[in-house]
Amino acid sequence: MAWEKEVCGSVGLATGLARLDTVEAAKRGSSLELRWAAHQTAGHRGRATQHAWREVSLPEEVGEERSEPREVQAKCTPLEVAVHDLAHCERVVRDLTFGRRIGFYQLRHNIGNGNFSQVRLGIHDLTKEQVAVKILDKVHLDKHSQRLFSAEVSCMEKLSHPNVVRLYEVVETFRRLYLVMEYASGGELYSSISSRGRMSDAESRLVFSQILSAVRYMHDTNIVHRDLKAQNVFYGAGHVVKVGDFSFSAEVRPDEVLSTFCGSLPYAAPELFRDEAYVGSFVDLWALGVLLYFMVTASFPFSGPDLPKLRTSVLQGTYAMPSYVSEPCQRVIEGLLTLEPAQRSPIARVMASGWLSGIRYPLPYPPAPSTPAHLAAPAAELCARERAVKEALEELGITEEHLKNHSQLDCRSPLTGAYRILLHRIQKRSAAASAQSASIPANSTDSTALQAQALQTLLSGDQVFFIAPTRNAEFPNT
Ligand SMILES: Nc1ncnc2c1ncn2[C@@H]1O[C@H](COP(=O)(O)OP(=O)(O)OP(=O)(O)O)[C@@H](O)[C@H]1O
């Protein structure tokens with residue numbers, strides 16, 4: 001039965017970890033029988049492992065909740081408890097069976113739906129971190145969508161920035177793919193504008209500067225988003241925003257041309273409507289122009305009752321500009337909504353524009369390996385941040401031995417999931433500490449006050465790190 005296969009995928013993943021801990025994986029004759037095939041076949045690991053868990057006989061009688069005495073449990077690490085529960089705890093086994101859990105993540109309520117996906121709130125067993133879990137049914141994925149999914153994962157993995165949704169782990173079962181990501185709890189920018197109306201000049205400066213910083217970082221990392229829009233910008237804490245949904249993103253060389261039509265019609269650049277090959281970063285610039293226009297007017301610059309009329313409107317490139325939009329902001333929009341792709345204002349120019357003067361831009365987090373493999377080295381060989389992450393992993397029960405013995409430490413490993421969550425926490429904390437000592441610009445615009453407010457929020461956990469505008473004027477490589 002399909003649900004049996006789902007169970008075996010998820011349980012296999014977690015008990016794969018247990019194997020490393022020399023925990024007896026196959027529990028014959030007890031509550032749950034798992035057949036361990038892949039590990040007897042040399043060279044079959046990772047995804048193959050999950051396929052090897054095909055034979056699952058669900059128990060007639062699943063063990064009692066937490067069969068171990070409390071004092072035994074108390075001595076166990078969070079990892080040992082979680083692994084034990086996956087095989088023995090009635091509630092956990094039921095949750096696996098009925099889709100309320102995947103690997104080390106409890107799945108809670110639905111937080112959104114995409115065309116081919118559902119996004120649910122998840123809780124990570126070991127760290128208790130809240131995460132967003134995007135669930136895709138493989139049945140709906142043709143070859144093209146599979147390629148897009150791979151690109152989404154590989155692009156997200158390369159990005160580590162306070163204004164970009166972070167990818168923690170990928171879990172795969174026979175039927176589904178699960179993308180475990182940072183949870184942005186404040187909802188979409190689109191919903192906020194739809195319900196509250198257009199943003200003030202000050203607030204849009206604060207929000208747009210974070211989006212700019214995120215997109216500049218993506219482009220510097222040779223990644224194009226191709227679906228920038230208000231629905232794909234999420235609020236974290238306070239005024240912090242995160243660019244998410246990398247389902248159309250691609251890794252490109254700087255001037256590489258692309259040909260797949262991607263994105264949403266109101267944000268689509270003229271070259272897309274002309275069906276031409278295009279440069280991804282120029283398409284992103286146009287979308288940023290539409291997005292800023294939407295933020296400050298709560299409407300779209302180009303519209304039409306049907307596709308041909310929208311197309312004509314975009315190809316003409318003319319739009320009405322309400323007089324309440326400040327002139328410096330108007331100039332930024334004009335620079336971005338330029339018909340000729342190569343003539344659009346580069347992000348560096350927008351960041352240095354008069355409209356954004358005084359803004360301190362969030363910095364990407366310092367580069368860090370995307371998997372915990374390097375933490376198997378002795379502590380003396382690690383930097384302070386690496387030691388901190390290693391210690392945090394050890395507190396959860398993930399030891400040097402686990403890291404050494406686990407040959408497949410990619411994004412599909414639960415060890416990598418735990419590592420990325422802890423690394424992200426530590427990055428946020430140290431960025432918060434640095435920002436505490438950084439001064440807020442001394443110019444007295446409204447947005448300075450908003451920045452200060454945002455900064456306060458950030459200091460309580462979700463952090464944005466700003467750079468001085470003087471450095472930004474020359475567009476240094478941050
Ligand atoms: N990291 C996240 N944190 C919080 N909510 C999220 C997160 N990612 C997605 N969501 C919510 O889930 C919804 C669905 O997201 P998803 O990326 O699957 O699809 P979509 O962008 O709406 O549609 P599409 O199928 O066109 O990509 C979003 O609109 C958003 O409300």
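Biologist: Which residues are the closest to the ligand, and what makes a residue part of its surroundings?

Modeller: The closest are Asn115, Ser117, Glu182, Glu188 and Asp245, among 19 residues that surround the ligand. A residue is near a molecule if one of its heavy atoms lies within 4 Å of it. This is a predicted model: local features need pLDDT of at least 70, side-chain atom pairs count only at pLDDT 80 or more, and totals for chains, interfaces and linings use all residues. Residues are numbered from 1 along each chain as its sequence is written, and side-chain values use heavy atoms, with hydrogens and water left out.

Biologist: How do the residues of the shell around the ligand divide?

Modeller: Eight are nonpolar, seven polar and four charged. Asp, Glu, Lys and Arg count as charged; Ala, Val, Leu, Ile, Met, Phe, Trp, Tyr, Cys and Pro as nonpolar; the others, Gly among them, as polar.

Biologist: The structure holds eight aromatic pairs. Why is the pair of Tyr293 and Tyr319 called edge-to-face?

Modeller: Rings of Phe, Tyr and Trp (its six-membered ring) pair if their centres lie within 6.5 Å; planes under 30 degrees apart count as stacked, over 60 as edge-to-face and the rest as tilted. Here the centres are 5.8 Å apart and the planes at 85°, so Tyr293 and Tyr319 are edge-to-face.
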